[in-house]
Amino acid sequence: MRERIYLFERAAAAYAMLLAVVFASALIVSAQQLGQQKEASKAKRALIISIDGLDARYLLRADEYGLKIPALRRLMRQGVTAPVVGVYPSVTYPSHTTIVTGATPARHGIVNNTLFEPPPMKQTGSWFWFARDVKTDTLWDAAARRGLSVGLVSWPVSTGAGDWNVPEIWSPGRSPFESRDTVREYARPRGLIEEVERVDSELFKNLTPDEGDDMRTRFAEYIIANKRPQLLLVHLFDLDHFEHSYGPFTPQAFATLEKVDGYISRLLAAVERAGLLSETAIFIVSDHGFKSISKTFHPLILLERAGLVKTASGADGRRMVTEWQALPYVSGGSCAIILRDGQDQEVLRRAREAFRPYEQQGILRIVDKGELERLGANPRAAFALEAAEGYAFGGGLAGDIITPSQSRGTHGYLPTLPDYRASFIAAGVGVGRRGKIGEIRMIDIGPTVARLLGLELRDAQGHPIPLE
């Protein structure tokens, strides 16, 4: 054991030159420590890593796909692995908020990625970036009450939260890649980005419009080493990006997941170098499954034909909504229909009738209000549309109702569909070698983390799952 630690320390000292050796050594040492931990129920620290778009099948069929993911495989062997039934709509921001609250979107208030901005509101394209928009207790709230320090790196809907926060936020009309100044402005504390830049000349070297997880990992490594937070939440989302562009379970998606596994190895190595692994619980989570698509269905066109929406050409020549009685609120594979007057039964009837002819032709089915309430979905939705296999929803205002999709994959569908589950792995302090277990609910993840850290998550609807 001493010899292995010595080898690890030598490799760590030559980090820049022998990066691959460090990763391999870190996995060996980390696995031994994870396997040897005998502490009882509560950890002193937790590291939560979200791999956006990590469909459970990547883990459960890793051998079938021939995936080289040694860090994930090691954690699975040392702990607990489960497929996760998510929330509706099964998109990134509602799901991540459910993970940290243990509540459904209807309760925590984050009902989509983007804000609903009907006319005459200005169409900003803003997302739910700010922690202040969450209506329920969060893990970072619970940690603060106990005096635990919190770090966040690109965690959705957390801008303004925690002790150290590299926020996921960008300027409306610009891509995240182009919005470094916005991230600097909202970082917590102010100056955190510049602080990391001063010591890491490679911070933005591998940042491209397609990939940013190396940068996010570097921020997390710095926070682990220099701030030592007792709760750290990290969001890695290159996999999701490549799945949208190329489709899930494709060579491009597999290659990206294998790179993400290397980032997880680096984070585990950072925890070990900081001397914190023996008191840390590790959680790998994801927000949704993924489906292949080839066609896009545009509900706004049907609502206009039904006389429930009026459009006109703007100054730039593009069509825009000027008046509305019913509007679609698109979230990939699902679409909430919002009524201007939620009590207008005639508008409700006309809206439903507009879509009925397309059931099984782009639309799998109409999800009624009662089912949405049982799912804990957007309480403002009169009903929702669930896309058929191979379809997603779009925001087209003119032209064909059904068009070829520019993306090859998406999510947002009913979380109860077959072969459409998110992922969960727990390992480290307080976690036994239970291996693969049955399905869990996404609302159970937050309460599970809270119990392990001895926290109270006040508004949770889920319950802790047994980890020992």
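This is a short tour of one protein chain, from the whole model down to single residues.

**The whole chain**

Begin with everything selected, and keep in mind that the model is predicted. Colour by secondary structure: the protein chain has 17 helices and 19 strands. Turn the view along the principal axes, and the C-alpha atoms fill a box of roughly 75 × 45 × 45 Å. How does the radius of gyration of the protein chain agree with that of a compact globule? A compact globule of 468 residues would have a value near 23 Å, and the protein chain has 23 Å, so the two agree.

**Inside and surface**

Of the 468 residues, 60% are buried. Now show contacts. Among contacts with a separation of 6 or more, 72% are between residues 24 or more positions apart.

Then colour the charged side chains. There are 56 positive and 54 negative ones, and the centres of the two sets lie 3 Å apart.

**Two cis peptide bonds**

Select Tyr-88 and Pro-89. The peptide bond from Tyr-88 to Pro-89 is cis, with omega near 0°. To place Pro-89, find strand S2 (80-85) and helix H6 (92-101); the residue sits in the loop between them.

Move on to Pro-119 and Pro-120. Here two prolines are joined by a cis peptide bond, with omega about 15°. Pro-120 belongs to the loop that runs between helix H7 (105-108) and helix H8 (139-145).

**Two residues with positive phi**

Select Val-157. This residue is not a glycine, yet its phi is positive, about 60°. Look for Val-157 in the loop between strand S3 (150-153) and strand S4 (164-166). Is Val-157 buried or exposed? With a relative accessible area of 0%, Val-157 is buried, because buried means under 20%.

Finish at Arg-228. Its phi is also positive, about 50°, and Arg-228 is not a glycine either. The loop to look in lies between helix H11 (213-226) and strand S5 (231-236). What is the relative accessible area of Arg-228? The value is 36%, so Arg-228 counts as partly exposed, a class that covers values between the 20% and 50% cut-offs.

Definitions and conventions: Residues numbered from 1 in each chain as written. Predicted model: local features only at pLDDT ≥ 70, side-chain atom pairs only at ≥ 80, totals over all residues. Heavy atoms only, no water. Helix = DSSP H or I, 4+ residues; strand = E, 2+ residues; numbered from the N terminus. Rg over C-alpha atoms; globule rule 2.2 N^0.38 Å. Buried < 20%, exposed > 50% of the residue type's maximum accessible area, 1.4 Å probe, protein only. Contact = heavy atoms within 4.5 Å. Lys, Arg positive; Asp, Glu negative; His and termini not counted. Charge placed at Lys NZ, Arg CZ, Asp CG, Glu CD.
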